[in-house]
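Please read the numbered points alongside the structure.

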Amino acid sequence: MTDNEQGRREAALLYARILAWGTRVGLAMLVLSFLAYAFGLVAPHVPIEEVPKLWSSPAPAYLQATGLQPGWDWARFVHRADMLSLAAIAFLASCSIACLAAAARIFFRIGERPVAVICLAEIAVLALAASGLLVAH
Amino acid sequence: MGAELVAQAPWWAWPLALFLVCFLLGIIAVPAGVGGGVLFVPIVAGFFPFHLDFVRGAGLLVALSGALAAAPRLLDGGMARLRLGLPLALVASASSIVGALVGLALPVHVVQVALGVTILGITLVMARARNSEFPRVDEPDALARALHIHGVFRDPGTGREIPWQVHRTPLGIVLFAGIGVLAGLFGLGAGWANLPVLNLVMGAPLKVAAGTSGFILSLVDSSAAWIYLNQGAVLPIIAAPSVIGMMLGARIGARLLGVVKAVTIRRLVVGLLLFAGLRALGKGLGIWT
């Protein structure tokens, strides 16, 4: 195996290891926070028995009825059970970023700059999606 | 009477029903070779009282969780290839953001009709696609050569080592841009489209195509999921039971993989998609409400 092949394999394995941990943590957070929400163990932002009155309406109506703004406004209430579930989902949707950063470092090291740059560009796309700057009208 | 039942049901009845349906969908999704999202969105949108915004948000999370759970093993085992998947994922995840923004801005009946048409199209693709185990690729294209998109696939079944390369990478990138839009627009995940493009268009071996498709999904669905989350289109009461049910069902589905006939399950899935696609179309057109 050449140095480059070894480096590529190292990048794939490191990516896999970080993603496996991230996914485990994110899913555990989602299950625990949802149980806390469903069984009333932690106070919610929107009481669970009130949600059926809102789930037939579009997302903007839900935000308006619950006093939330589009974007990261939900994070202000992250100490509440339902918003904690959203934090778990946000974590799951973000855990690829750490994997991409680790892979990019290895690709730069072995001289595969185009793939490393693609990793960084993907991080930028995920960061843009997560930023809350893009709003549907 | 039906509407009264919906209104009078206790809050936990629908999440519980959702969990059970997703558990069953998870069982059949794995042997049928499809991700959960493509089954979840049309079925839940057609038969549950949730607004399509929340169904699509949950659909993306179902597809994302499945992809995230599978990707480490696929990368570890050499089935998913970073250099093949990353350029395609970059284009598809950027276009999935556009799809998600457009989908959340369009009137719901328009999205419902488009969803019905898309699901019927997917049904046709699934019924007719004949993937190729080791497609013949005489020469890689210039882009594939520049990005070193090639490798050696070690078949775990036979232990044989098979060198592979790809062609038509620019066409693949254009197709993945379209796939990303559909994934974001409908919250479907997109494994049903990734696989034929990687295998039949670009010429990746079937197992490498299937593994890399799962890896690509983990990135495409992440970016689209963020848009839905930030627009208020993710409700934990819908998303959490769906993800948990689908993942538990998929574990059983994986065990059934060697027991049940894949063709039978695939026919069942095609039948389900046909029914759900017609339901989405009828609902969007106001003729089956």
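1. In this note, a residue is buried under 20% relative accessible area, exposed over 50% and partly exposed in between, with a 1.4 Å probe and protein chains only. By this scale His148(B), with a relative accessible area of 33%, is partly exposed.

2. The model is predicted: local features need pLDDT of at least 70, side-chain atom pairs count only at pLDDT 80 or more, and totals for chains, interfaces and linings use all residues. Residues are numbered from 1 along each chain as its sequence is written, chains are lettered from A and ligands numbered from 1 in the order in which they are written, and side-chain values use heavy atoms, with hydrogens and water left out.

3. Contact (heavy atoms within 4.5 Å) joins 56 residues of chain B to 62 residues of chain A. The buried area, which is the accessible area (1.4 Å probe) that two parts lose on being put together, summed over both, is about 4,900 Å² between these chains, and carbon and sulfur atoms give 77% of it. Trp11(B), Trp226(B) and Asn230(B) supply 15% of the area that chain B buries against chain A, more than any other three residues.

4. The side of chain B that touches chain A comprises 42 nonpolar, eleven polar and three charged residues, where Ala, Val, Leu, Ile, Met, Phe, Trp, Tyr, Cys and Pro count as nonpolar, Asp, Glu, Lys and Arg as charged, and the others, Gly among them, as polar.

5. A search of the whole structure finds zero disulfides (pairs of cysteine sulfur atoms within 2.5 Å) over all chains. For Cys119(A), the nearest cysteine sulfur belongs to Cys99(A) and is 10 Å away. Cys119(A) counts as buried, at 0% relative accessibility; Cys22(B) is also buried, with a relative accessible area of 0%.

6. His148(B), which is not a glycine, has a positive phi near 55°, and its place is in the loop between helix H7 (142–146) and strand E1 (150–154) of chain B. Helices (H or I, at least four residues) and strands (E, at least two) are DSSP runs, numbered from the N terminus. Arg168(B) is likewise not a glycine and has a positive phi of about 55°. Arg168(B) lies in the loop between strand E2 (161–165) and helix H8 (169–186) of chain B, and is partly exposed, with a relative accessible area of 41%.
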